Amino acid sequence: MGMRAPLKNVRGLGSAKEGTTHWWHQKVTAIALIPLFLIAIGCFISLVGADYTHVRYVLGQPFISIVMLLLIVAMFYHLKLGMQVVIEDYIHTESTKVFLLLLNSFFCAIVGLSAALAILKLALGG
Amino acid sequence: MAKIERPLSPHLQIYKPQITMVTSITHRATGIALGVGTLLLAWWLIAVAAGPEAYATVTAFTTSWFGQIILFGFTWSLFYHLCNGIRHLFWDMGQGFELPTMRKSGMAAIIASIVLTLLTWIIAYAMGA
């Protein structure tokens with residue numbers, strides 16, 4: 001027997017049944033980011049004080065390119081999911097919340113894809 | 001809907017800071033800081049792809065005292081979020097929930113993040129010198 005009042009059904013609030021997927025994706029990207037960041041940090045350290053030609057050469061190497069590309073994809077997806085939770089937790093004014101959630105998605109898509117394009121350009125020698 | 005000002009719990013101003021709570025808040029704070037920091041990483045990658053002039057501009061910033069402070073903060077935020085994130089992954093597997101274990105792993109995450117940050121900067125300065 002349904003215990004929901006008619007008003008509850010009309011408003012349609014409640015679980016969107018997407019929570020587990022959100023959580024799982026956050027965890028998959030978190031695990032992926034551990035080795036990716038360790039390699040990237042090693043790469044950045046090796047590039048301290050290096051001249052432009054060398055930096056360009058290193059970032060154009062296939063192994064480094066793929067690590068950077070995977071890092072960018074996992075990182076911005078992880079960031080999008082994480083910031084979404086922070087916004088949903090602390091912002092309770094509906095309009096502000098929706099605005100910030102959109103801003104979060106757009107920020108991650110724009111900055112993430114711009115960084116990915118830069119890596120592809122270096123990798124493909126454009 | 002009518003806005004009801006409900007009392008918030010816990011009152012952060014009068015709540016005794018505990019390691020579990022401090023590590024949790026710091027995890028979020030570093031996550032947000034890293035989110036802003038992605039702009040720096042993106043700027044750097046785009047500058048390398050754009051050419052020597054753009055790269056010189058980004059290097060001028062990252063090697064300035066202000067840029068170095070930002071990078072140092074970024075490094076620590078990253079290592080803290082990484083170390084404490086590993087704690088979260090253990091909790092997700094249902095492990096390490098006992099309070100003494102939680103306090104120990106919290107201290108371990110804090111100490112490890114500081115050690116890794118200092119180690120990274122010592123190696124970086126040794127490489128750059």
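Begin by selecting L79(A), which, once its neighbours within four places in sequence are left aside, is in contact with C108(A), G35(B) and T38(B); contact here means that the C-beta atoms, placed from the backbone, lie within 7 Å. This is a predicted model, in which local features need pLDDT of at least 70 and side-chain atom pairs count only at pLDDT 80 or more, while totals for chains, interfaces and linings use all residues. Residues are numbered from 1 along each chain as its sequence is written, and chains are lettered from A and ligands numbered from 1 in the order in which they are written.

L79(A) sits in helix 4 of chain A, helices being DSSP runs of H or I with at least four residues, numbered from the N terminus. L79(A) counts as buried because 23 other C-beta atoms lie within 10 Å, the cut-off for buried being 20 or more.

Next, select the side of chain A that touches chain B, where 26 residues of chain A are in contact with 24 residues of chain B. Helix 2 of chain A gives the largest share of that side, eight residues.

Then move to L45(B), which, not counting residues up to four places away in sequence, touches A115(A), A118(A) and I119(A). L45(B) and V48(B) touch the most other members of the largest nonpolar core, which has 26 residues; such a core is a set of buried Ala, Val, Leu, Ile, Met, Phe, Trp, Tyr and Cys residues joined through C-beta atoms within 7 Å. The largest share of this core, eight residues, is supplied by helix 4 of chain A.

Methods
Two residues are in contact if their C-beta atoms, placed from the backbone, lie within 7 Å. Helices (H or I, at least four residues) and strands (E, at least two) are DSSP runs, numbered from the N terminus. A residue is buried if 20 or more other C-beta atoms lie within 10 Å of its own, exposed if 12 or fewer, and partly exposed in between; C-beta atoms are placed from the backbone.
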